[in-house]
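Let's walk through a protein structure together, one step at a time. Keep the picture open beside the text and find each part as we come to it.

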Amino acid sequence: MARHRPVCIQCCIEMKPEKNDVLVVDHRMLTSEEPEPEKQLLCEAWSADLWQCPKCGNSIVQGFGQKSLAYTEEGIKQEIEIYKSMGSPVISNYEYRGGG
Ligand SMILES: [Zn+2]
């Protein structure tokens, strides 16, 4: 089933696919019970697509794969090296504990 393209709410137009197969690296924030509170650890790595608004340049990542590419620190670091060597973007996703 075809999916609708993302819409930029600033410009009220559809975003364009900027790059397929970028790497998104999820991080997990250590809790206050752990040795280094608020330190962000590598958690999981995913392939996804980068979309950009052709007018304002705002960009988002969506279209994640069904399964992650890696979920160990070693595996994630390998994926980061592979994507960097291909010249593909590596995007960090940090855990946020603020509101919302
Ligand atoms: Zn826009």
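A residue is called buried if 20 or more other C-beta atoms lie within 10 Å of its own, exposed if 12 or fewer do, and partly exposed in between, with the C-beta atoms placed from the backbone. A nonpolar core is a set of buried Ala, Val, Leu, Ile, Met, Phe, Trp, Tyr and Cys residues joined through C-beta atoms within 7 Å. This is a predicted model, in which local features need pLDDT of at least 70 and side-chain atom pairs count only at pLDDT 80 or more, while totals for chains, interfaces and linings use all residues. Residues are numbered from 1 along each chain as its sequence is written.

Start with the overall layout. The protein chain has one helix and six strands; helices (H or I, at least four residues) and strands (E, at least two) are DSSP runs, numbered from the N terminus. Read from the N terminus, the elements follow the order β-β-β-β-β-α-β. Of the 100 residues in the protein chain, 13% count as buried.

Now look at the sheet. Four strands form an open sheet in the order S5-S4-S3-S6, with mixed pairing; two strands pair if DSSP finds at least two bridges between them. Strand S5 (59-62) and strand S6 (90-93) are the edge strands, each pairing on one side only. S3 and S4 pair in the antiparallel sense over 11 bridges, and here you can find Pro 17 opposite Trp 51 in S4. S4 and S5 also run antiparallel, joined by four bridges. Leu 50 stands opposite Val 61 in S5, and the bridge partner of Gln 52 in S5 is Ser 59. The hairpin of S4 and S5 has six residues between the strands, and Gly 57 there takes a positive phi near 85°.

Next comes the helix. H1 has 13 residues and reaches 18 Å from its first C-alpha to its last, close to the 18 Å expected at 1.5 Å a residue; the expected span is 1.5 Å times one less than the number of residues. After H1 comes Gly 87, with a positive phi near 75°.

Which residues make up the largest nonpolar core? The seven are Leu 23, Val 24, Val 25, Ala 45, Trp 46, Ile 76 and Tyr 83. At least two residues of this core come from each of strand S3 (16-29), strand S4 (40-52) and helix H1 (73-85), and S3 gives the most, with three residues. In soluble globular proteins, nonpolar side chains tend to be buried together. A second, separate core has five residues, among them Cys 8, Leu 50, Trp 51 and Cys 53.

Finally, visit two loops. Most residues other than glycine have a negative phi. Cys 12, in the loop between strand S1 (7-8) and strand S2 (13-14), has a positive phi near 60°. Is Cys 12 buried or exposed? Cys 12 is exposed, because 8 other C-beta atoms lie within 10 Å. Glu 38, in the loop between S3 and S4, has a positive phi near 70°. Glu 38 is exposed as well, with 11 other C-beta atoms within 10 Å.
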